[in-house]
Amino acid sequence: MPENRYWRLDDHPHGNDFAAAFSLQHEPIPEPGPGQVLIQNSWLSMDAGTRMWITPRTDGYQPPLPLGSKMVGLCLGHVVASRDPNFTEGDLVRCFGQWADYALVDPALSGLVKVDPSVADIREHFGTLGLNALTAWAGLVDVAHVKPEENVLVSAAAGATGSLACQIARNLGCTVIGIAGGPEKCGYLTEELGVARAIDYKHDDVEKALSEVPGGINAYFDNVGGPMLDAALPNMAHYGRIAICGLVATYDSDTPTPGPARFDQILMRRLTITGFFLPDFLDRAANYLPTLREWLDSGKLVMRFDETRGLENTLSAYAGMLTGRNIGKVIVDVRG
Ligand SMILES: NC(=O)c1ccc[n+]([C@@H]2O[C@H](COP(=O)([O-])OP(=O)(O)OC[C@H]3O[C@@H](n4cnc5c(N)ncnc54)[C@H](OP(=O)(O)O)[C@@H]3O)[C@@H](O)[C@H]2O)c1
């Protein structure tokens with residue numbers, strides 16, 4: 001009998017011990033109810049932001065996932081049954097579904113969208129044409145208002161969102177400085193992504209390195225928070241803008257992230273700090289996609305995929321992403 005395997009959230013994880021918090025369950029393949037769509041997943045996207053909704057915190061931008069639920073995450077696959085007239089069997093789709101062989105979704109609640117099946121590598125719908133790319137664009141352009149020739153700093157720069165932010169800023173004519181963990185990642189940034197200077201936060205003095213940027217940092221795309229933000233604040237140019245994209249340094253904690261130690265610099269340098277969340281920008285995303293596609297086709301935007309095979313190996317891929325084992329986008333090939 002064909003069946004559906006899915007990851008169930010049994011407990012709130014402690015740190016990166018996901019094996020104690022999730023279990024792989026089996027069930028019959030679900031049938032879509034009225035208005036629902038059933039998707040056979042090909043790939044799952046491992047996203048740092050999902051770490052927040054498996055904590056008990058109720059003050060995040062998403063409510064916590066109730067214990068006992070199927071784990072929710074971004075999926076890419078084909079529709080196999082639909083009771084929504086807008087989706088038909090065979091459509092290639094992306095949505096917030098479940099970490100499972102089959103995702104059963106309500107199209108509106110899951111953000112279900114058809115994606116272009118003619119893209120040569122359809123994994124790009126998780127890469128250069130995916131939500132990390134839209135996040136990078138929104139943060140740089142709509143939030144940080146970057147301009148050509150400005151100095152743009154990106155943290156977690158060799159990850160999915162960060163590597164796209166580096167390339168988009170470079171393509172817009174900015175000078176890009178990236179912060180990442182380790183020499184291999186820093187080499188990737190400067191040798192393959194056109195980043196002007198890469199800072200290895202595990203070995204370098206980040207604050208000192210940033211103090212050497214001529215003219216200071218005009219815009220900071222922050223994926224990390226904590227010590228990276230503290231290192232950046234005294235090195236911002238006057239009237240600099242900081243787009244707070246994420247706080248990955250503190251996602252494994254159940255307590256609120258403390259404020260920046262160098263808060264004073266916001267006044268002294270007349271800085272603007274704005275937190276942003278992609279869903280608020282999705283209505284504009286249709287405007288970004290043609291440029292992203294053009295850059296993909298011309299080789300001006302690339303994504304390196306860190307692929308794990310097999311739904312049963314999802315937890316290892318997830319922990320790897322959160323602990324920085326990845327360069328680029330971490331995905332799971334559900335089909336094994
Ligand atoms: N606001 C939004 O709408 C939105 C949307 C998408 C993503 N995001 C945010 O974007 C950020 C990146 O997410 P992603 O899914 O693209 O993951 P990712 O960057 O591919 O992977 C996470 C990276 O975080 C870095 N990291 C982990 N712990 C760290 C620490 N303590 N200090 C510094 N760096 C650390 C690791 O790189 P190193 O080896 O360099 O440490 C790791 O590769 C997250 O903060 C996420 O919440 C926000």
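**A walk from the ligand to the core**

Sort the shell around the ligand by class and you get 15 nonpolar, 11 polar and two charged residues. Here Ala, Val, Leu, Ile, Met, Phe, Trp, Tyr, Cys and Pro count as nonpolar, Asp, Glu, Lys and Arg as charged, and the others, Gly among them, as polar. Keep in mind that this is a predicted model, where local features need pLDDT of at least 70, side-chain atom pairs count only at pLDDT 80 or more, and totals for chains, interfaces and linings use all residues. Residues are numbered from 1 along each chain as its sequence is written.

In all, 28 residues surround the ligand, and the closest are Gly159, Thr161, Gly181, Gly246 and Gly324; a residue is near the ligand if its C-beta atom, placed from the backbone, lies within 6 Å of it. Helix 2 (131-143), helix 3 (160-171) and helix 9 (314-322) are the elements that give two or more residues to this shell. Helix 3 has the largest share, with three residues. (Helices, H or I with at least four residues, and strands, E with at least two, are DSSP runs numbered from the N terminus.) Both domain 1 (3-127 + 304-333) and domain 2 (131-279) give residues to the shell, so the ligand lies between them. Those domain bounds come from an automatic or database domain assignment.

Now look at strand 4 (residues 72-82). Eight of its 11 residues are buried, so this strand is largely enclosed by the rest of the structure. Buried means that 20 or more other C-beta atoms lie within 10 Å of a residue's own, exposed means 12 or fewer, and partly exposed is in between, with C-beta atoms placed from the backbone. Strand 4 runs antiparallel to strand 3 (residues 37-45), joined by seven bridges, and Gln40 has His78 in strand 4 as its bridge partner. Strand 5 (residues 92-98) also pairs with strand 4 in the antiparallel sense, over seven bridges; two strands pair if DSSP finds at least two bridges between them. Gly73 stands opposite Gly97 in strand 5.

Finally, the inside. The largest nonpolar core has 98 residues, and Ala169, Leu189, Phe221 and Ala232 have the most contacts inside it. Such a core is a set of buried Ala, Val, Leu, Ile, Met, Phe, Trp, Tyr and Cys residues joined through C-beta atoms within 7 Å. Helix 2 gives the largest share of this core, eight residues, and each of domain 1 and domain 2 supplies at least three.
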